[in-house]
Amino acid sequence: MLTSLQRGLRRLEAVFNVAFGAAWNPWYQLGALGFFCFWLATVTGIYLFIFFDTSILGAYASVQRITDVQWYLGGVMRSLHRYASGAMVITVTLHLAREFVLGRFRHVRAFSWISGVPLLWLMFAAGIGGYWLVWDGLAQYIAVATSEWIGWLPVFGDGLARNFLTNSALSDRFFSLLVFLHIAIPLFLLLGMFIHIKRIKLARSTPARGLMVGTLTALVALSLLRPAASMAPADLTFTVARVDLDWLFLNVYPLLDTLGPGPVWGLLGGITAGLVVLPWVWPARAAERALDLPAVVDPANCNGCSWCFKDCPYEAITMIPHSYKADLRQAVVDPDLCTACGICEGSCPSATPFRHVEELVSGIEMPGYPLDRLRQETAQALAGTDTRAVFVFGCDRGLDITALAAPGVKVVSLPCIGMLPPSFVDYVARQANVSGVMVTGCHPAECFFRKGSEWTQQRFSGERMPHLRTSAGKNKVRIHWAGPHERVALKAAIESFREELEAVSA
Amino acid sequence: MTAVWARYLGQAAAYAAFVGTVGLLAPGPTYQHLAPDLATIKLSLRHAGELVADCHERTAAELTALPPNMRAPKVCPRERSPLQLELRLDEERVYSETLPPRGLRRDGRVSVYRRLSVPAGDVRVAVKLKDDVRADGFQFERTGTVTLTPAEVLVIDFDEQAGGFVFRTATQAARLAAPAG
């Protein structure tokens, strides 16, 4: 099931790549968009709070003043506050669904996955609390329903709902508590978001600038076209029979009417528990498990350069004094943090095919895909009778390049393109039967192992060690990133590259 | 190569779909929480039942058996009676429950809150409360006919100082809010 969902998602992302380009593709930065929406809601919320009257009698009137009298700013701010919050629900939900579909919730990623679960509760609690403050019909409906819902829990009891029995039962003090909660819960949410990304090296919490501008413009346009409005003021002597529900935040409330509070607690508790245990109960595919063996350091080949330490996107590598080489250090891998991406192998200066050894072993090796296997697969691909072929290195997570193998096109696919040491590109580019080397993989904004494509690009451009040095000439090397459903574009890029190479050689 | 205008058009469509979803669902389709011809009755009280037994004077023998610092002449039990609450609408019993006192020593107040939806119009309400296990029958009772408009709320509360059950409706609230005379 996941495989077909993955295929569908990748197709959709490919369509977005055409419109937005990979760097602005919103699917690649849903988490960062969630952050952006949070900050939008925060900034607009601070503005609204300046004019908000935190009393039970003054709250509704103050919100109306903000909306009607100051429609050009306060009204837009109010709408933006509401819509940015709603947009956050959508981006966060899609973010969660996408990480699940891509299988990015197990092993080292389990921390981020599990720490994200309470954030869902906090996000909804923050949104629901905000609706109370308007103290209109919707707020009344939510207040009564929530107090009945929470009151079902023995620890709270029926006394909670008595707060909303009559208009006179409510006090300004209680309302001040609601205001406090609407500030405190988002602060806890922010703290949780910080913890959520804490273990991710160079975590991306800001979307691409163009995407921010586009999202903000679209939300402002929505605020102008459909300004947020209040229902009639709350009046506890009448039940709110029809309510303009926010189905993004308040979708659980109709369930309270149909199922009752106990089953709804059961349902939400079950979903929460299911999400928490998912990393342990949803197994990885056999092919993934076979590769998913943590990196191993070979002290004999490790010179302590620390390039792998700098490149590891999961901070799984630390440097310690070398076990037997004086004045040198060596890498150590924490298997609990290692995702077996192999980016460390690609950074190792000893991972070069030019070495004259029986079995090629680098300072840091992936047991699931050792360097010697890469050498053998490269040698096999080179062994064909083709002349002047384009040699393509690709990655298993991006486009499946094995299907591109054809006369004149030689291919080798690695678990991650970041695993490819630049010296292999140099080695292949120098071969007489190779006209050029094409390197492909996931788009840098959407590398499955986060930094494989970006680091490769930087190694090739000389910004990151090990640099690509080739006597064959850098014009014989080309990078073209391609998602799983961008075969046509990659084939066209290969053909165009071939034509350029032929033109140069002619 | 896709034309630039086509790319911008694609982006605009994606943004429109995104904020369109937000705009459609945030102030979303109206939800009918209560049918148009129904009203609401909220039965709610917070009350402590009577003590299950009287205080009693300790005998001289009982006092002697105690350490000197614990010889209080009078002992009062803390446990309170459970509340037996019953609500009838148009002579039909719609709610009846015996509610134990709260707390480890069963000495706390009981809070009750029940919400019912009833057809709007005239309804004969009879509510009874028994709060003393040592007495027979119900100690508090109130009956009356209330006219409820659609969505109107009848709150049946308990105010011991006012002598028992209190019926509150919007009409009553409006009357109270109106200037005297």
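Tutor: Start with a definition: a residue is buried under 20% relative accessible area, exposed over 50% and partly exposed in between, using a 1.4 Å probe and protein chains only. This is a predicted model, where local features need pLDDT of at least 70, side-chain atom pairs count only at pLDDT 80 or more, and totals for chains, interfaces and linings use all residues. Residues are numbered from 1 along each chain as its sequence is written, chains are lettered from A and ligands numbered from 1 in the order in which they are written, and side-chain values use heavy atoms, with hydrogens and water left out.

Student: Okay. What percentage of chain A counts as buried?

Tutor: Of its 506 residues, 57% count as buried. The C-alpha trace of chain A spans about 90 × 50 × 45 Å along its principal axes.

Student: How many helices and strands does chain A have?

Tutor: Chain A has 17 helices and nine strands. These are DSSP runs numbered from the N terminus, with helices (H or I) of at least four residues and strands (E) of at least two.

Student: And how much of the contact in chain A is between residues 24 or more positions apart?

Tutor: Such pairs make up 72% of the contacts in chain A with a separation of 6 or more. Contact means heavy atoms within 4.5 Å.

Student: Is A:Ser413 buried or exposed?

Tutor: A:Ser413 is buried, because its relative accessible area is 15%.

Student: Switching to the surface. What is it made of on chain A?

Tutor: Chain A exposes about 21900 Å², and carbon and sulfur atoms supply 65% of that. Accessible areas come from the Shrake-Rupley method with a 1.4 Å probe, and for residues only the protein chains shown count as cover.

Student: Which residues make a nonpolar patch?

Tutor: A:Phe188, A:Leu191, A:Phe194 and A:Ile195 make one of about 410 Å². Patch residues have over 30% relative accessible area and no salt bridge; nonpolar side chains (Val, Leu, Ile, Met, Phe, Trp, Tyr) are joined within 5 Å, and like charges within 9 Å. A:Ile195 sits in helix H7 (residues 172-198) of chain A, and with a relative accessible area of 38% it is partly exposed.

Student: Which partner does A:Arg104 have?

Tutor: A:Glu99, with the closest N and O atoms 3.2 Å apart. A:Arg104 counts as buried, because its relative accessibility is 8%. A:Glu99 counts as buried too, at 16%. Both belong to a network of salt bridges that also links A:Arg10, A:Glu13, A:Arg98 and A:Glu446.

Student: Where do A:Arg375 and A:Asp372 lie?

Tutor: Both are in helix H14 (residues 371-382) of chain A, three residues apart, about one turn of the helix.

Student: Which bond is cis, then?

Tutor: A cis peptide bond joins A:Met465 and A:Pro466, with omega about -10°. A:Pro466 is in the loop between helix H16 (452-461) and strand S9 (477-479) of chain A.

Student: And what about the phi of A:Trp135?

Tutor: A:Trp135 has a positive phi of about 50° although it is not a glycine. A:Trp135 is in the loop between helix H5 (110-133) and helix H6 (137-151) of chain A, and counts as buried at 7% relative accessibility.

How values were computed. A salt bridge is a side-chain nitrogen of Lys or Arg within 4 Å of a carboxyl oxygen of Asp or Glu.
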